[in-house]
Amino acid sequence: MEKLTPKKIVRELDKYIIGQSSAKRSVAIALRNRWRRQQVDEPLREEISPNNIILIGSTGVGKTEISRRLATLVNAPFVKVEASKFTEVGYVGRDVESMIRDLIEVSVKQVRSESEAKVIGKALRNANERILEILFPTGEKESISEEAINRQDRTRKKMKDRLENGDFESRIIKIKAKSKSMPMLQVMGPLGMDDMSSNIQDMLSSVMPSKKKTQRMKVSEAREIFSEEEAEKLIDMDDVIRVAIDRVEQSGFIFLDEIDKIAGQGGGSSPDVSREGVQRDILPIVEGSTVSTKYGQVKTDHILFIAAGAFHVSKPSDLIPELQGRFPIRVELDNLSQSDFVKILTKPKNALLKQYEALLQAEGVTLEFNKDAINEIAKIATELNDTMENIGARRLHTVLTSLLDDILFDLPDKKITEISINKKMVQKKLSNLSEDEDLRRYIL
Ligand SMILES: Nc1ncnc2c1ncn2[C@@H]1O[C@H](COP(=O)(O)OP(=O)(O)OP(=O)(O)O)[C@@H](O)[C@H]1O
Ligand SMILES: [Mg+2]
């Protein structure tokens with residue numbers, strides 16, 4: 001994180017997301033501020049609250065994409081929740097605190113795999129020792145002569161070298177291990193009680209002794225099981241949990257998607273009540289409270305929230321004032337233009353055209369789009385967004401699937417090795433669709 005300066009964060013995001021520079025800027029600053037805060041001494045540090053952000057923008061302009069990329073960038077625990085899910089039927093019991101429990105779960109996994117990486121070398125060595133002992137058990141040492149012991153040691157050393165060399169990988173051995181397919185205990189709860197039943201399941205599985213069974217398997221498989229067991233012995237779980245909780249409290253962040261769906265406009269009708277109810281439920285978590293999880297108490301005061309919504313119907317000012325106050329930074333995302341579409345098709349590391357090129361490569365076919373074809377695709381996508389519903393960059397997906405439909409179906413039967421798409425082909429394939437309004441509506 002120390003090296004992840006705001007500019008660097010933006011540069012990384014630029015690899016995947018076209019435009020939207022002010023949104024990128026804000027999230028970069030907010031993230032960096034977390035790190036800056038951690039450098040501040042107590043008691044001032046406690047006073048510095050996170051820069052929660054609301055990203056406002058139409059559908060398909062990159063809100064979720066930004067947060068997704070952000071998460072892979074920073075080594076911080078992160079979860080994405082749809083705020084609207086808390087308004088669903090069966091909301092009672094679908095408690096909002098579950099997002100903190102999910103977050104801590106992510107953090108524990110993260111810290112655990114980091115500690116695992118630290119001990120994996122030793123765990124593997126221990127696992128190999130155990131396998132060696134099964135393959136070539138050491139006898140009783142006291143009864144035999146010194147010479148015999150020396151000889152035994154030498155053979156053992158040789159065997160160990162061969163084992164490490166991979167000579168015995170497919171040999172079958174018998175080991176005692178926890179049975180892989182643990183009988184899952186189903187706890188059925190009433191609708192909407194899934195969080196609770198999973199808690200009960202956790203409780204039960206930690207109480208019930210896990211049975212070890214003798215199993216036959218390849219050395220290579222046994223090593224996997226043993227090294228996991230050995231790693232478990234070497235890792236101090238209390239330590240992991242302590243670090244994981246600290247990380248959530250100091251640098252965790254939550255992406256609260258579709259926040260506009262819980263912004264109801266006044267009124268006393270029932271859906272609004274439930275929306276406002278959800279806002280009131282979320283409020284304490286955003287404001288800072290203590291949530292109990294199965295790993296212990298987690299303070300939410302400094303968790304960063306990035307909310308997002310299209311806000312077509314409602315406005316951020318329709319949120320309850322307390323919640324508005326907790327999201328001081330509002331950023332509007334731009335609608336995407338035709339030239340943005342051209343870039344989205346070609347520039348990002350995971351650009352759509354690159355994806356299709358790779359897919360066809362699997363059939364041994366080189367797919368190529370010339371410049372005019374790409375412009376034409378972008379133009380058609382823009383027109384469709386203008387005349388029908390504006391679904392942003394998602395339109396590119398539907399346009400491309402229609403465009404490439406025949407090609408994708410005919411391969412590999414058609415014996416060709418090269419396809420190059422030009423403007424004419426795009427027009428031909430898509431114009432009969434774009435003339436027939438009804439057809440267009442269904443397909444594109
Ligand atoms: N600015 C952009 N740059 C590159 N790709 C983009 C951009 N905006 C959208 N996309 C592409 O479009 C898809 C949809 O974008 P995303 O999921 O971010 O939409 P959203 O803004 O969250 O919309 P919604 O309000 O419907 O949730 C993404 O998978 C991404 O590939
Ligand atoms: Mg989204």
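This is a predicted model: local features need pLDDT of at least 70, side-chain atom pairs count only at pLDDT 80 or more; totals for chains, interfaces and linings use all residues.
Modeller: Residues are numbered from 1 along each chain as its sequence is written, and chains are lettered from A and ligands numbered from 1 in the order in which they are written.

Biologist: What makes β2, β5, β8, β1 and β9 an open sheet?

Modeller: Strands are DSSP runs of E of at least two residues, helices are runs of H or I of at least four, and both are numbered from the N terminus. Two strands pair if DSSP finds at least two bridges between them. The five strands lie in the order β2-β5-β8-β1-β9 with parallel pairing. β2 (78-82) and β9 (329-332) each have a single partner strand, so one side of each lacks a neighbour in the sheet. From one strand to the next, the twist averages 20 degrees.

Biologist: How do you know that β1 and β8 pair?

Modeller: The definition asks for at least two bridges, and four join β1 (residues 53-56) to β8 (residues 304-309). Within this parallel pair, I54 stands opposite A307 of β8.

Biologist: Which helices lie on the sheet, and at what angles?

Modeller: α4 lies across β1, β2, β5 (253-257) and β8, and runs at about 155 degrees to β8. Helix α5 (residues 98-135) also packs on the sheet, where α5 touches β2 and β5 and makes about 150 degrees with the direction of β2. Such angles run from 0 to 180 degrees between N-to-C directions, with axes fitted as lines to C-alpha atoms, for helices over the stretch in contact. Contact requires C-beta atoms, placed from the backbone, within 7 Å.

Biologist: Why are α14 and α15 called oblique?

Modeller: Angles under 35 degrees count as roughly parallel, over 145 as roughly antiparallel, 65 to 115 as roughly perpendicular and the rest as oblique. Helices α14 (residues 371-387) and α15 (residues 394-410) pack at about 120 degrees, with axes 9 Å apart; the pair is therefore oblique. I377, I380, A381, L384 and N385 of α14 meet R395, L396, V399 and L403 of α15.

Biologist: Which peptide bonds are cis?

Modeller: The bond from E42 to P43 is cis, with omega near 0 degrees, and P43 belongs to the loop between α2 and α3 (44-47). The bond joining L411 and P412 is cis with omega about 5 degrees, and P412 lies in the loop between α15 and β11 (418-421).

Biologist: What makes a residue part of the shell around ligand 1, and which come nearest?

Modeller: A residue is near a molecule if its C-beta atom, placed from the backbone, lies within 6 Å of it. Of the 18 residues around ligand 1, T59, G62, K63, T64 and E65 come nearest. Helix α4 (residues 63-73) gives the largest share of the shell, three residues.

Conventions: Two residues are in contact if their C-beta atoms, placed from the backbone, lie within 7 Å.
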